[in-house]
Amino acid sequence: MNKDTFTFALLFSFLIFSCAKNTNTNQSNNDIYTKVDSLMSLMTIKEKIGQTIMYSGDWDVTGPVVSSNNMTLLKNGSLGAMLNVYSAKKTKELQKIAVDETRLGIPLLFGYDVIHGFRTIFPINLGHASSWDVEDIENSARIAAEEASSEGLHWTFAPMLDIGRDPRWGRVSEGAGEDVFLTNEIATAYIKGFQGQDLSMHNTILACAKHFVGYGAAQAGRDYHTVNMGEDELRNVYLPPFKAAVDAGVETFMTAFNEINGVPATGNKFIFRDILRDEWGFNGFVVTDYTAINELVPHGFAENEMHAAEIAIKAGIDLDMMSGAYKSYLEKLVHENKISVDLINDACRRILISKFKLGLFDDPYRYSVEERKINTIYKPEFLEAARKSAAMSSVLLKNNDDALPLSKTETIALIGPLVKDKENIIGNWAAAGDRKGKAISIFQGIKSYLNDANILYAKGCDINTNNKSGFKKAISLAKKADKIVLVMGENYHMSGEAASRTNIKIPGIQTELIKALRKEAPSKQIILILMNGRPLDLSEEDSLTDAILETWFPGTSGGYGVADVLFGEYNPSAKLPITFPRSIGQVPIYYNVKNTGRPIPLDNPKEDYKSNYIDSPNTPLYPFGHGLSYTNFEYSDITLSSNKIGVSDTLLVSVNIKNTGNYDGHEVAQLYIHDKVGSITRPVKELKGFEKIFLKKGEIKTVKFKLTSEDLKFFNGIEFTAEAGEFEIAISGTSDFSFMNSFELIR
Ligand code: BGC
């Protein structure tokens, strides 16, 4: 038999086998495993290695393009996946090459950073986390998957589950903030939204839990920097969201760029083999972050790229994003007996399983259908959903003397570099979002509520230059208006990857402009609308303004959503998922700190030789969980079903919440506990539940939570356990409260 006849015979037997089983797209995992084994029995080592390689497409004015090197790899069957290539047309064209022109016709996998929307962009993730609305977040991920899958994508590199406690780190914008419980809930929501019920549907995509692990704890908030932490913090704070992702059925994981306790994540057997696979039973595939295998060399962990490839494959890393090390060295490593071929088989198998789950062997073009794209992108209901999310994610940080809501009859001086902005409003990592036409600016949103004559607009200044020439006009308009509304903040490049800042104030001379307006128009209320990707130091602005609305980067329909809040069409309900410090010197600052041996006395926070600062209070400017409404909520009658529970009991906790103000509105009731004594010390407060409720004005509702010993567990250095003893408990609308109730866990 010559080579071609031999190949044909093999392929034919595989196809017969495969097609015979292809009548049902919702294939069982066992079916899939058998098909993968059958396919792999036909594959050469080069073809198997090919499945472990991913390269990026490039971008041209005409759309995505693929370099000639990558084209060659593709045609040789030496490319398993591509990133940064989308559009129904282009993905179909490349897929056709993979299917028709390679020996085994294995389809390509197309991945992309669909982080907070694909075309219809939702608020940045930190913003959307402020909604504390997991259904809405799940819905946004569903919409993103609908849109992305209609343009040929099979896989998103999201959600990012890194706990973020340091606002200097630009990537806090991509996560769900500082809290473990909230991040766990949001992780589950994103994964359910992206992956849906059935991955073999044409509108569901693989999700990717990233970056495993500890990336958010980079020293000094500097991106890619070193991470050192004990197993206590690792297991109690940084790992749980990833465990929640595994429990939610996430299909893929991405490595982190950082080292952790001296071992770079991309070569870290302890986290990828011992924890992820052996302890948690994860059986999807692991992709590296961009060029992360090569980076083992500058990390000082590998002698050269060949050594780096050896370390990574041994650590259980399946797919090489962009480093080229697997391509160049895996086969050589086998020949030199440095690695077993089983490691390559395992990686290849896991990647192929995902391709089967997506149904790509049934129909490789199912995601690349032009008509579906036309009927899916920017559907009116998607834009409407993004508007609602923008409103739900805007946090009212302060609102003195009811400066907000605005009335439709007042004249406003609308000032600031972000008033008419469409470029920044969709934030960083905005996938295929439109930074020009499609985004709705704050100006457009406000215009939909006010007559032109009632809007006096001046840009005032830029985001980040020292040009004061616009101050004069801004001041003169401010004097004529009833209220001054400012739209200021960061540009979108100031957060996201490689965007750490040592100064977290509003950039440029924007604050100087606020000062000038305060001075020249002293009797006018100033309302500051902010767009930014991290907690800012707003101490000065807090003292200069009457109201502050934190809108983050609110997305494609952001202008409408924010205007809905400004005019009271939506009563703000968002709560901070991350603490806002008083100054950079307090960073990292978060609500669930440890008490220390020298906590500050409440009645004398400045007492000497206590754990405090000599030049600042310990407290933040705006705490985690904080966010105002146009109405007020009163919490009363917290009731516990018992003051003692055993390990298998359920504690019922309820509280009455009354809307005592003049607007209907939503409230996020937050349940906190404090484990008073532990075999390792426990945080002073820990969020353990939340519920978002709607109350008409005057209405009262009872909110109930259930708590079991499962909720009280923590890693004590040896195991996860709930330890007997006293727990304080509270339900509140913010993390800034004092405990009044307690119960005991008995064993
Ligand atoms: C980022 C990842 C991202 C990847 C692919 C990296 O630089 O750290 O979060 O998914 O690029 O774009």
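How many residues does helix H14 have, and how far does it reach from its first C-alpha to its last? Helix H14 covers residues 341-357 and has 17 residues. The helix reaches 24 Å, close to the 24 Å expected at 1.5 Å a residue. The model described here is predicted.

**Helix H14 and its ends**

H14 is largely enclosed by the rest of the structure, because 13 of its 17 residues are buried. At the start of the helix stands Ser-340. A side-chain oxygen of Ser-340 comes to within 2.9 Å of the backbone nitrogen of Asp-342. Beyond the other end, just after H14, Gly-359 takes a positive phi of about 80°.

**Two domains**

The protein is divided into domain 1, residues 389-586, and domain 2, residues 633-746. Taken over C-alpha atoms, the domain centres are separated by 34 Å. The two domains do touch: six residues of domain 1 are in contact with nine residues of domain 2.

Strands of a sheet pair through backbone hydrogen bonds, in either the parallel or the antiparallel sense. E19 pairs with strand E21, residues 650-659, over six bridges in the antiparallel sense. Within this pairing, Ser-636 has Asn-656 of E21 as its bridge partner.

**A five-stranded sheet**

Another open sheet has five strands, in the order E20-E28-E27-E22-E23, and its pairing is mixed. Which strands stand at the edges? They are E20 (644-646) and E23 (686-695). Each has a single partner strand, so one side of each is left without a neighbour in the sheet. Here the twist averages 25° from one strand to the next. E20 pairs with strand E28, residues 741-746, in the parallel sense over three bridges. In E28, Glu-744 is the bridge partner of Lys-644.

**Backbone exceptions**

Most residues other than glycine have a negative phi, and most peptide bonds are trans. Several sites in this model depart from that pattern. The table lists them with their angles.

| Site | Feature | Angle |
|---|---|---|
| Phe-212 to Val-213 | cis peptide bond | omega near 0° |
| Val-587 to Pro-588 | cis peptide bond | omega near -5° |
| Met-322 | positive phi, not glycine | phi near 75° |
| Tyr-378 | positive phi, not glycine | phi about 55° |

Where do these residues lie in the chain? Val-213 is in the loop between strand E7 (208-212) and helix H9 (231-238). Pro-588 is placed in the loop between helix H21 (558-566) and E19.

Met-322 belongs to the loop between strand E12 (320-321) and helix H13 (325-335). Tyr-378 sits in the loop between helix H15 (370-376) and helix H16 (380-393).

Are Met-322 and Tyr-378 buried or exposed? The cut-off for buried is under 20% relative accessible area. Met-322 has a relative accessible area of 18%, so it is buried. Tyr-378, at 17% relative accessibility, therefore also counts as buried.

How values were computed. Residues are numbered from 1 along each chain as its sequence is written. This is a predicted model: local features need pLDDT of at least 70, side-chain atom pairs count only at pLDDT 80 or more; totals for chains, interfaces and linings use all residues. Side-chain values use heavy atoms; hydrogens and water are left out. Two strands pair if DSSP finds at least two bridges between them. Helices (H or I, at least four residues) and strands (E, at least two) are DSSP runs, numbered from the N terminus. The expected span of a helix is 1.5 Å times one less than its number of residues. Buried means under 20% relative accessible area, exposed over 50%, partly exposed in between (1.4 Å probe, protein chains only). A polar contact is a pair of N or O atoms within 3.5 Å; within protein, one must be able to donate a hydrogen and the other to accept it, and residues adjacent in sequence count only if both atoms are side-chain atoms. Domain bounds come from an automatic or database domain assignment. Contact means heavy atoms within 4.5 Å. Axes are lines fitted to C-alpha atoms, for helices over the stretch in contact, and angles run from 0 to 180 degrees between N-to-C directions.
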